[in-house]
Amino acid sequence: MSVAIEVDNVIKRYGDLTIIPGLTEHIKNGEFFTLLGPSGCGKTTLLRMIAGFNTIEGGEIRFNDRVINDIPAHKRNIGMVFQSYAIFPHLTVRENVEYGLKLRKLPKAEMKEKVDKILDVVQITEYQDRLPERLSGGQQQRVALARAIVIHPSVLLMDEPLSNLDAKLRIEMRSAIREVQKQVGITTVYVTHDQEEALSISDRIAVMKKGVIQQTARPHTIYARPYNTFVATFIGHSNLFRGRLVHHGDGLAAAFADGYVLPMQGLSSEAAEGMDVIIAVRPEEFSIKDGDGIRCTVKSKVFLGKYIQYGLTFPDDMLVPGQPSIEYSQDVGHAEHILEAHDTVTLHPNPAKVNLFTADGDHSLMEGVVRDE
């Protein structure tokens with residue numbers, strides 16, 4: 001039976017080094033919950049604490065109301081899928097999937113029924129008599145998934161399970177994992193550093209940085225209304241501009257350093273005239289129109305099929321320093337004019353999609369943006 005997971009002020013230390021300084025999170029029963037962040041942020045460490053592979057130096061982890069801190073890993077009723085598949089090379093597909101059920105000493109008839117069902121769910125019935133060496137990477141990952149689920153665990157934990165697959169197969173497998181998870185209805189915690197993967201597969205995403213969750217929200221929310229500039233630049237790409245809030249008509253506007261003024265709506269009560277702010281504009285939220293806008297020069301051009309991605313050059317005083325690139329994505333199907341390197345162009349940000357942050361990037365100034373959704 002699936003469970004909710006409560007992570008309550010959990011601390012992880014290695015000697016004097018604190019990896020997770022006190023993390024709290026609620027994972028809902030039956031939810032597909034993704035831990036996303038750069039390498040070394042603590043996401044796999046947290047997953048291993050839930051699994052029972054790492055000790056807990058403070059706080060509690062609960063499955064429903066049951067504290068599991070001191071329960072050995074093999075008694076937590078979890079299924080685990082690793083990056084390396086970890087399937088037995090000398091056993092057939094069926095034998096690999098049966099393995100956990102044999103350890104539980106299930107009757108042969110019941111075991112056959114369960115294995116037949118899960119082989120069908122993950123679509124590997126036709127490969128059941130093959131050894132792993134005769135399977136593709138994606139098929140091997142399906143075997144690992146079937147073996148983890150067939151024991152009916154309370155929680156399914158997945159650690160970068162698709163990182164060894166090629167790009168096309170990753171897309172196919174993430175769809176398969178999502179479909180299987182929803183069909184089985186098991187609480188799943190999934191670790192990845194791939195933003196696109198997280199957005200496509202998750203019910204909710206927790207973005208981590210240095211052991212601290214920066215924001216937990218649904219994929220659309222976390223992309224459209226990030227809590228701070230770290231989330232805005234880690235989930236997809238955001239161009240960050242210096243700005244200031246100025247009085248405009250009956251409300252406020254974001255003034256860019258070059259003088260362009262963008263009227264804003266939906267600001268929080270904290271937003272006030274005269275505040276220095278960071279203006280975040282995603283590459284697809286620019287358009288080319290006659291009239292006022294922010295002027296820039298095209299530095300580079302990359303054709304990506306449906307889109308053309310342009311690298312842009314702005315005066316340094318307009319930009320938040322330290323950004324690897326400033327970009328504009330043009331939809332080829334709706335483009336009236338294709339730009340070339342060294343062209344000068346005026347771009348208009350979409351005010352309904354722009355995000356404003358405090359000058360230090362710590363949090364959003366948009367109304368209704370929350371850290372935990």
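The following conversation goes through a predicted model of one protein chain.

Student: To begin, how many helices and strands are there in the protein chain?

Tutor: The predicted model has eight helices and 20 strands in its protein chain.

Student: And what does the C-alpha trace span along its principal axes?

Tutor: The span is about 75 × 45 × 35 Å.

Student: What share of the residues counts as buried?

Tutor: The chain has 373 residues, and 51% of them count as buried. As for the surface, the chain exposes about 17,800 Å², with carbon and sulfur atoms supplying 49% of that area.

Student: How about contacts between residues at least 6 apart in sequence: what percentage join residues at least 24 apart?

Tutor: Of those contacts, 70% join residues at least 24 apart.

Student: Let us turn to helix α2. Which of its residues are buried?

Tutor: Helix α2 covers residues 93-103, and its buried residues are Val93, Arg94, Asn96, Val97, Glu98, Gly100 and Leu101.

Student: What do the buried residues of α2 pack against?

Tutor: They pack against two other helices, α3 (108-121) and α4 (137-149).

Student: What comes just after α2?

Tutor: Lys105 is found there, and this residue takes a positive phi of about 55°.

Student: You mentioned α4. Where is Arg147, and is it buried or exposed?

Tutor: Arg147 is in helix α4. Arg147 is buried, yet this residue has no salt bridge. The nearest side chain of opposite charge belongs to Glu95, 11 Å away.

Student: Which residues is Arg147 in contact with, leaving aside its neighbours within four places in sequence?

Tutor: The contacts of Arg147 are Tyr85, Ala86, Ile87, Phe88, Asn96 and Val97. Two of these, Asn96 and Val97, are among the buried residues of α2.

Student: On to charges, then. How many positive and negative charges are there, and how far apart are their mean positions?

Tutor: The chain has 41 positive and 48 negative charges, and their mean positions are 8 Å apart.

Student: What is the N to O distance between Lys112 and Asp116?

Tutor: Their side chains meet in a salt bridge at 2.7 Å, N to O. Both residues belong to helix α3 and sit four residues apart, about one turn of the helix. Lys112 has 48% relative accessibility and counts as partly exposed, and Asp116 is partly exposed with a relative accessible area of 29%.

Student: Which residues are linked with Lys112 and Asp116 in a network of salt bridges?

Tutor: The network links Arg94, Glu98 and Lys102 with Lys112 and Asp116. Arg94 and Glu98 were named above among the buried residues of α2.

Student: What about Arg204: which residue does it form a salt bridge with?

Tutor: Arg204 forms a salt bridge with Asp372, and their closest N and O atoms are 3.7 Å apart. Arg204 lies in strand β9 (residues 204-209) and Asp372 in the segment after β20 (355-358), so the pair ties together parts that are 168 residues apart in sequence.

Student: Are Arg204 and Asp372 buried or partly exposed?

Tutor: Arg204 counts as buried because its relative accessibility is 5%, under the 20% cut-off. Asp372 has 47% and counts as partly exposed.

Student: What does the side chain of Glu373 meet in a salt bridge?

Tutor: The partner of Glu373 is Arg218, at 3.0 Å from N to O. This pair links distant parts of the chain, 155 residues apart: Glu373 is in the segment after β20, and Arg218 is in the loop between β10 (212-217) and α7 (219-224). Glu373 is partly exposed at 29% relative accessible area, and Arg218 also counts as partly exposed, at 47%.

Student: A change of topic: which residues make the nonpolar surface patch?

Tutor: Val302, Leu304 and Tyr307 make this patch of about 260 Å². Val302 lies in strand β16 (residues 294-303) and is partly exposed, with a relative accessible area of 38%.

Student: Finally, where is Val231, and which residues is it in contact with?

Tutor: Val231 is in helix α8 (residues 229-234) and counts as buried, at 0% relative accessibility. Leaving aside neighbours within four places in sequence, Val231 is in contact with Val207, Gln214, Gln215, Ile222 and Pro226.

Methods:
Residues are numbered from 1 along each chain as its sequence is written. This is a predicted model: local features need pLDDT of at least 70, side-chain atom pairs count only at pLDDT 80 or more; totals for chains, interfaces and linings use all residues. Side-chain values use heavy atoms; hydrogens and water are left out. Buried means under 20% relative accessible area, exposed over 50%, partly exposed in between (1.4 Å probe, protein chains only). Contact means heavy atoms within 4.5 Å. Patches are made of residues with over 30% relative accessible area and no salt bridge: like charges are joined within 9 Å, nonpolar side chains (Val, Leu, Ile, Met, Phe, Trp, Tyr) within 5 Å. Accessible areas come from the Shrake-Rupley method with a 1.4 Å probe; for residues, only the protein chains shown count as cover. A salt bridge is a side-chain nitrogen of Lys or Arg within 4 Å of a carboxyl oxygen of Asp or Glu. Lys and Arg count as positive and Asp and Glu as negative; His and the chain ends are not counted. The place of a charge is taken as NZ of Lys, CZ of Arg, CG of Asp or CD of Glu.
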